[in-house]
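Please open the model in your viewer and keep the selection panel at hand.

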Amino acid sequence: MPNMNPKKVSMPVQDPQVRNHNFDEVALGYTPEQAMEEADRCLQCKHKPCVNGCPVRVQIPEFIAKVKAGDFEEAYQIIKETNALPAVCGRVCPQESQCEQKCVRGIKGEAVAIGRLERFVADYHMAHEKDDIKKAKSNGHKVAVIGAGPAGLTCAGDLAKKGYDVTIFEALHEAGGVLVYGIPEFRLPKAIVKKEIDALKALGVKIETDMVIGKVLEIDELFDQGYESVFVGSGAGLPNFMGLPGENLNGVFSANEFLTRFNLMKAYQEGVDTPIFKAKKAAIIGGGNVAMDAARCAKRIGVEEVYIVYRRSMNELPARAEEVEHAEEEGIIFKTLTNPVKILGDENGYVKGMECVEMELGEPDESGRRRPIVKEGSNFVLDIDCMIMSIGTSPNPLIRQTTKGLDANKWGCLVTDEHGKTTREGVYAGGDAVTGAATVILAMGAGKEAAEAMDAYIQGKDKN
Ligand SMILES: Cc1cc2nc3c(=O)[nH]c(=O)nc-3n(C[C@H](O)[C@H](O)[C@H](O)COP(=O)(O)OP(=O)(O)OC[C@H]3O[C@@H](n4cnc5c(N)ncnc54)[C@H](O)[C@@H]3O)c2cc1C
């Protein structure tokens, strides 16, 4: 008889008033006993609805059965068959809208904590086992991957396992994409990302950093150098702005710049080369995960008042419920049904306030969410000295502008078929570069799909 407790075994977390002053991980992970107790909640459904909710098709009931039996390493090996980055996914995947949303236990109570169990298994493996990674036998073919985010890393790993000579070209000085420059240390420790990347290197994947494709080298030159197929996983790192008066003032940041300074450049440490503006009152515009991350980072460097300014209500916030809850616990102030109209500056060109309007919700729009409408005459000034724009990002146009025959849609996202094949022969793409800003696991799923298609393309050429 399984454990019929309707609630998940809770995950220990750092105290909110302690953690909002440090960068250590917020959620502390299950102990082996807690993991086995939670695993016992799984009903082992024959039709495995949870697996259909996972973009990389992790064999969830199978790995959970191993956790229940205390065979954590076997559980890890099952996850690893389809997921190259389990310690990452266990931490940042929106399980509530994927695998856990399909869990039968979720009908009458809480779903099985699949994400927490995945994290436990991956962490247990890292702490107790030594990876014995063997390089696959070379198949004599050479492929290039652009971008070392989850899409590129997954594609590279899968191709290396098939015997390809794989080189990743990454624009930044470190591999990992958003996992290292965007998601903060307190949600995803960088040491974990590094270990997952080291495992890919052990498979034979080469990573060349500081290589901006489209500037240092173009895709045509990669083909000239003997790469037979190219995967573009360059993400969607170009921040959107609202075009408000005052956006050029000192103290206005995109969330991407703010978070990159924090995460990649360690701006929270004293004496680093890339410091961060020390504000007293900061407003983050937007209600997604990126906005929550920026707000929680700002709080941690001592910004006294941190506001999330969002034009709809708490019910429509697009961020994960857990992130919103953590932000609230840490003292972030939510100013919902509020929209900025102008940023006010002082005589030295620094932000000194933000004029806002109050909003109300009308009928649902094409996204299904209720449309925010300005309340006439509701203008007021919010006293701030820093504003962080977090209203979405788009793919950088550099690669498509420098590659003949590579089509993009009106949002600048590369056009592909369902296997990642672009309009340019031999070039495949996936992740945020194709979908626009999405999720880690979707990017990984796309990288996997494209690796299969690239393999078929190259092997097909062999047969001709
Ligand atoms: C702050 C933040 C928090 C997030 N939180 C979550 C979360 O909790 N859960 C979740 O599932 N998703 C989250 N996301 C979204 C998720 O991180 C992305 O969907 C995912 O990283 C996309 O992967 P990718 O490989 O397509 O692109 P990226 O991770 O963006 O990687 C693209 C890589 O390509 C490189 N690159 C770009 N242009 C070039 C070029 N011309 N030449 C060479 N290299 C290039 C970039 O430097 C980067 O390293 C978050 C995103 C952000 C910004």
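The stops below each give something to select and then say what is there.

This is a predicted model, in which local features need pLDDT of at least 70 and side-chain atom pairs count only at pLDDT 80 or more, while totals for chains, interfaces and linings use all residues. Residues are numbered from 1 along each chain as its sequence is written, and side-chain values use heavy atoms, with hydrogens and water left out.

Next, show the polar contacts (N or O atoms within 3.5 Å): a nitrogen atom of the ligand lies 2.9 Å from a polar backbone atom of Ile213, and an oxygen atom of the ligand is 3.1 Å from a polar backbone atom of Ala438. Taken alone the ligand exposes 1000 Å², of which the protein buries 93% (Shrake-Rupley method, 1.4 Å probe).

Now select Ile60, Phe63, Ile64, Val67 and Leu117, which touch the most other members of the largest nonpolar core, a set of 75 residues. Such a core joins buried Ala, Val, Leu, Ile, Met, Phe, Trp, Tyr and Cys residues through side-chain atoms within 4.5 Å, where buried means under 20% relative accessible area with a 1.4 Å probe, protein chains only. Helix α17 (residues 440-463) gives the most to this core, with 10 residues (a DSSP run of H or I, at least four residues).

Finally, select Phe253, Ile276, Leu317 and Ile388, which are among the 32 residues of a second, separate core.

Methods
Buried < 20%, exposed > 50% of the residue type's maximum accessible area, 1.4 Å probe, protein only. Helix = DSSP H or I, 4+ residues; strand = E, 2+ residues; numbered from the N terminus. Polar contact = N/O pair within 3.5 Å; in protein donor to acceptor, adjacent residues only side chain to side chain.
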